[in-house]
Amino acid sequence: AIPTLISLLSSSNKEVYEQSMWILGSIAVGDSPGTSSSGGSSSNSSHDLSREKSVSARDVILAAGVMNQLLRCLEAHPDNLSLQRIGSWTLSNLVEGIFQQQSHGKGGGVMRRLLRMADSEVLSYTCWTLSHLCDGPSSHIAEVVTTKIESKAPKGGLVPRLVELLLHPSWRVTKPALRTIGNIVCAECSDDSNQVGTTTDYTEVILECGAVPRLKELVMHNNREIQKEACWTLSNIAAGTVDQIQAVIDSGAIPPLVKLVRNKKTDQEVRSEACWVVLNATSCGSDSQIEVLVDEGCVSVLGVLLSEASMVMMALEGLERVLQV
C-alpha cells in the first residue's frame with residue numbers, strides 16, 4: 001500500500017494527492033483508530049509501543065522513497081494552502097527522531113519557501129521539521145545554516161528567517177523556531193566539506209544573524225517553555241568564546257536574568273536555566289566581563305546556587321573566579 005500511496009502524490013486530482021499525503025503523514029506519526037498523535041495513552045508502556053510502531057512505519061515510508069515525491073508534490077502546488085499545511089505536517093512527522101537519510105536537493109528550496117509563507121500552521125510545522133533535522137547529524141545542520149555560494153539569499157541559510165520568527169505573534173511558531181536555534185547552538189563545530197581547512201562555528205552563525213537580542217526578549221515571555229528554552233540557548237552561548245559572552249552582555253540579557261532568579265515566583269526550571277547563563281558567563285568570561293557581571297548583580301545569583309546541593313561546587317568555582325578579578 002505504501003508504494004501506491006506515494007505514487008498517488010503525482011496524481012492530477014487535488015483530493016487524491018492531498019488525501020494520500022495526509023495518510024502517509026498519519027502512518028508516520030503512528031495514527032490509527034486506537035491511537036492519538038497528541039500523545040494521549042493509558043500507560044507509558046503502551047505509549048512506548050506505539051512510538052516503536054510509528055518509528056518502524058516511518059522507516060518503511062522513507063525507504064520507499066517518499067521524500068522526493070512529497071517535495072515534488074509541494075513544489076507543484078505552491079498556492080494550495082491546505083496541501084502546504086498537510087505537507088509541512090507530514091515532513092515534521094517523517095524527520096522526527098533519528099533521521100539519517102541524506103537530504104535532497106529540493107529540500108532546502110521547499111523549506112525556504114515554506115518559511116516565507118504567512119500561515120502560522122505551515123510555519124509551525126516547518127520550524128518543527130527544522131528543529132528535528134538540527135537535532136541530528138552535523139550535515140543536516142550545515143544545510144540549514146549554509147547559503148550556497150551562487151545563491152543571492154542572505155548569509156546564514158535559513159537562520160535569518162528563523163531569527164525573525166522568534167518574535168512571531170503565535171507561540172506555536174516561536175517555540176519550534178527557538179528550539180531549532182537552540183539545537184544549532186548546541187551542535188559541535190563542523191568541518192566545512194566545501195573548503196579545505198575551514199570550520200563552521202554554528203554559534204557564530206546564530207550571533208551574526210542577530211539572534212541574541214531576540215533571545216533576550218524571550219527571557220520575559222509569558223510562556224514558561226519559551227522562557228526556559230531562551231535561557232537554555234543563552235546559557236550555551238555564554239559557555240562559548242569571550243566574544244560570544246560579550247554578545248550576551250551587550251544584548252542587555254543579564255539584568256532580566258538576574259531578576260528572574262531573584263523572583264521566588266519564577267518557575268523552578270526557568271530559574272535553573274537562568275542561573276546557568278550567569279554561571280557559564282562567570283566561568284568563561286574575561287576579567288573585564290566579570291566586572292560587568294558583578295555590577296549587574298550576578299554574585300547574588302551565585303549565592304542562590306549555594307543553597308542547591310548539586311550546584312554548590314560550581315557556584316563556589318564561580319565565586320572564586322569573581323574574587324580573582
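**Thr 90.** I looked up the side chain of Thr 90 in this predicted model and found that it reaches the backbone oxygen of Ile 86 at 2.8 Å. Thr 90 sits in helix 5 (residues 81-95); helices are DSSP runs of H or I, at least four residues, numbered from the N terminus. Thr 90 is buried, at 0% relative accessible area. The classes are buried under 20%, exposed over 50% and partly exposed in between, with a 1.4 Å probe and protein chains only. Leaving aside neighbours within four places in sequence, I list Met 21, Leu 24, Gly 25 and Leu 70 as contacts of Thr 90, contact being heavy atoms within 4.5 Å.

**Conventions.** I number residues from 1 along each chain as its sequence is written, and side-chain values use heavy atoms, with hydrogens and water left out. Local features need pLDDT of at least 70 and side-chain atom pairs count only at pLDDT 80 or more, while totals for chains, interfaces and linings use all residues.

**Gly 318.** I placed Gly 318 in helix 19, buried at 0% relative accessibility. Gly 318 and Thr 282 are 36 residues apart in sequence, yet 5.9 Å apart from C-alpha to C-alpha. Beyond four places in sequence, Gly 318 is in contact with Thr 282 and Leu 302.

**Salt bridges.** I searched the whole structure and noted 15 salt bridges; each is a side-chain nitrogen of Lys or Arg within 4 Å of a carboxyl oxygen of Asp or Glu. Asp 287 pairs with Arg 321, with the closest N and O atoms 2.9 Å apart. This pair links distant parts of the chain, Asp 287 in helix 17 (residues 287-295) and Arg 321 in helix 19, 34 residues apart. Asp 287 is partly exposed at 40%, whereas Arg 321 is buried at 18%. I also noted a network of salt bridges with shared partners, joining Arg 224, Glu 225, Lys 228, Asp 267 and Glu 269. Within it, Glu 269 and Lys 228 meet at 3.0 Å, N to O. Glu 269 lies in helix 16 (residues 268-284) and Lys 228 in helix 13 (residues 224-237), so the pair ties together parts 41 residues apart in sequence.

Conventions
Helix = DSSP H or I, 4+ residues; strand = E, 2+ residues; numbered from the N terminus. Polar contact = N/O pair within 3.5 Å; in protein donor to acceptor, adjacent residues only side chain to side chain.
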